[in-house]
Amino acid sequence: MKNIVKIIGITFVMLLTSCTNEASLQQYFVDHQGDVDFVAVDLATSLLDARTREVELSKEEREALESIKKVNFLAFPLKEGKETRFEEEKTKINTILNTDTYETLMRFGSNGTKAVLKFQGDEDNIDEMIVFASNKERGLALVRVLGDNMKPENVAKLMNAIDKGNVNMGAIKDILGEINID
């Protein structure tokens, strides 16, 4: 009987020590899905793919699109009286992103907006990309792109095609509906 109690005790201690209080980005998204202060959208890329079939994409751009499995979007539009919460949420996100889990690819900003692009996986085959942007007048936005072996150079080509207007963003606007975070 003493051995059973010892085994249960050891198992319990091991379970407690193996659990971590460290917040994860996935948990952050889940916790804020139903929050009225946030705008949350999850897109399966099958929706985007179905709406972009008529768009001419290069082999690399198509490969990049096909490597993306899901896109999570979470935004906190800054409204009057919500400045303190904005700072709290920004701090929480930065704490999660500044762990060893994510590697910084680049930081950029302009006109009061600061943004960071991070990734998880190795540099040649990315499994998760994160874009976090904040602006003290507009709010914050967090985009999580999940995929399998995303190649940075192909994703960059896809982003470049979108930036140049070669990809009709109307498909995404249709999916998002009337969401306005301006």
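**Group meeting talk: a walk through a predicted model**

The areas come from the Shrake-Rupley method with a 1.4 Å probe, and for residues only the protein chains shown count as cover.

Before going on, a word on what we're looking at. This is a predicted model, where local features need pLDDT of at least 70 and side-chain atom pairs count only at pLDDT 80 or more, while totals for chains, interfaces and linings use all residues. Residues are numbered from 1 along each chain as its sequence is written, and side-chain values use heavy atoms, with hydrogens and water left out.

Methionine 106 sits in strand S3, residues 103-110. With a relative accessibility of 42%, methionine 106 counts as partly exposed; buried would be under 20% relative accessible area and exposed over 50%, with partly exposed in between (1.4 Å probe, protein chains only). Asparagine 111 has a positive phi of about 50°, although it is not a glycine. It counts as exposed, at 77% relative accessibility.

Now the overall layout. The protein chain has 7 helices and 6 strands; these are DSSP runs numbered from the N terminus, with helices (H or I) of at least four residues and strands (E) of at least two. Reading from the N terminus, the order is α-α-β-α-α-β-α-β-β-β-β-α-α. Of the 182 residues in the protein chain, 35% are buried. The protein chain exposes about 11800 Å², and 52% of that comes from carbon and sulfur atoms. If you take the contacts (heavy atoms within 4.5 Å), then among those between residues at least 6 apart in sequence, 61% join residues at least 24 apart.

Let's go inside. Which residues touch the most other members of the largest nonpolar core? Out of its 17 residues, they are Leu25, Tyr28, Ile93, Leu97, Phe132 and Leu142. By nonpolar core I mean a set of buried Ala, Val, Leu, Ile, Met, Phe, Trp, Tyr and Cys residues joined through side-chain atoms within 4.5 Å. At least two residues of this core come from each of helix H2 (25-32), strand S2 (68-77), helix H5 (83-97), strand S5 (125-135) and strand S6 (139-150). H5 gives the most, with 4 residues. There's also a second, separate core of 9 residues, including Val71, Phe119, Ile126 and Met129.

Take leucine 25 as an example. Setting aside neighbours within four places in sequence, leucine 25 is in contact with Ile96, Leu97, Tyr102, Glu128, Ile130, Leu142 and Arg144.

On to the rings. The count comes to 2 aromatic pairs, where rings of Phe, Tyr and Trp (its six-membered ring) pair if their centres lie within 6.5 Å; planes under 30 degrees apart are stacked, over 60 edge-to-face, and the rest tilted. Tyrosine 28 and phenylalanine 38 have ring centres 6.5 Å apart and planes at 80°, so they are edge-to-face. Tyrosine 28 is in helix H2 and phenylalanine 38 in the loop between H2 and strand S1 (39-44), so the pair ties together parts 10 residues apart in sequence. Both residues are buried. Together with Phe76, they form one aromatic cluster.

Histidine 32 is in helix H2 as well, and is buried at a relative accessible area of 7%. Leaving out residues up to four places away in sequence, histidine 32 touches Phe38, Leu74, Arg85 and Glu89.

That brings me to the charges. Side chains of opposite charge can pair when their charged atoms come close. Here there are 7 salt bridges, each a side-chain nitrogen of Lys or Arg within 4 Å of a carboxyl oxygen of Asp or Glu. Aspartate 35 meets arginine 85 in one of them (2.4 Å, N to O). This pair links distant parts of the chain, 50 residues apart: aspartate 35 is in the loop between H2 and S1, arginine 85 in helix H5. Aspartate 35 counts as buried at 18% relative accessibility, whereas arginine 85 is partly exposed at 21%.

What about aspartate 37? Its side chain meets lysine 82 in a salt bridge (3.3 Å, N to O) and arginine 85 in another (2.6 Å, N to O). To finish, Asp35, Asp37, Lys82, Arg85, Glu89 and Lys92 are linked in a network of salt bridges.
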